[in-house]
Amino acid sequence: ETYSTQILKDEAATIHAAGVLARQLQPGQVIYLHGDLGAGKTTLVRGILHALGHTGKVKSPTYTIVEPYNLAVGSCYHFDLYRFQDPEEWEAAGFRDYFNATSICLVEWPEKAGHLLPDADIEIQFDILPHGRILHITSRQALSLEGLCQ
Ligand code: ADP
Ligand code: MG
């Protein structure tokens, strides 16, 4: 288990932290991202996807719910469940199938899906400071977070 709290002073620090986390992600993992609107969840996902080799844009899947990425490590799915309301949509849209042994799932607003969502391997919480963010990381596996905070 890992539990850690870090200060991220600006957006560049968030991107840097994303790179440190990205190196340790493995297929099959589920990462929950908690925090208010504008806290930095999508910024962190963008940093993770770029660190994993994605070269294009990373847009917030606020309306599409999920955005898929094909990466060298395997499939990666970026969920934003902020607008998710209908539990039946979970099955109908096949979201359950996205959570499998070969994919990495990064989920913003996981609390909106309640019990439908598989448990997280890594949970990340952003708290907003006037200048910067506090990042809380909880992980089932031991994570090496050395150098996460610049
Ligand atoms: P969310 O997905 O949580 O709604 P976004 O990532 O879309 O949030 O937006 C976060 C905003 O905060 C962006 O404007 C980004 O530049 C900024 N930001 C990200 N990380 C930090 C940080 N560590 N300190 C200050 N601002 C940050
Ligand atoms: Mg977002």
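Phe79 stands opposite Val107, a residue of strand 5. The model in which this pair is found is a predicted one.

**Secondary structure**
- The protein has four helices and seven strands.
- Along the sequence, these elements follow the pattern β-α-β-α-β-β-α-α-β-β-β.

- Seven strands form an open sheet, and their order across it is 1-7-6-2-5-4-3.
- The pairing within this sheet is mixed.
- Strand 1 (2–8) and strand 3 (66–71) are the edge strands, each of which pairs on one side only.
- From one strand to the next, the twist averages 15°.

**Helices against the sheet**
- Helix 1, made up of residues 11–22, lies across strand 1 and strand 7 (132–139).
- The direction of helix 1 is at about 150° to strand 1.
- Helix 2, made up of residues 41–51, lies across strand 2 (30–34), strand 3, strand 4, strand 5 and strand 6 (122–129).
- Helix 2 runs at about 160° to strand 5.

**The nonpolar core**
- The largest nonpolar core contains 30 residues.
- The residues with the most contacts inside this core are Ile31, Leu33, Ile48, Cys105, Leu106, Val107 and Ile124.
- Two or more residues of the core come from each of helix 1, strand 2, helix 2, strand 4, strand 5 and strand 6.
- Leaving aside residues up to four places away in sequence, Ile48 touches Ala18, Leu21, Ala22 and Leu106.

**Overall dimensions and packing**
- The radius of gyration of the protein is 14 Å, which agrees with a compact globule, because a globule of 150 residues would have a value near 15 Å.
- Taken along the principal axes, the C-alpha atoms fill a box of roughly 45 × 35 × 30 Å.
- Of the 150 residues, 31% count as buried.
- Among contacts with a separation of 6 or more, 70% are between residues 24 or more positions apart.

Terms used
Residues numbered from 1 in each chain as written. Chains lettered and ligands numbered in written order. Predicted model: local features only at pLDDT ≥ 70, side-chain atom pairs only at ≥ 80, totals over all residues. Rg over C-alpha atoms; globule rule 2.2 N^0.38 Å. Buried ≥ 20, exposed ≤ 12 C-beta atoms within 10 Å, placed from the backbone. Contact = placed C-beta atoms within 7 Å. Pairing = 2+ DSSP bridges. Axes fitted to C-alpha atoms, helices over the stretch in contact; angles between N-to-C directions. Core = buried A, V, L, I, M, F, W, Y, C linked by C-beta atoms within 7 Å.
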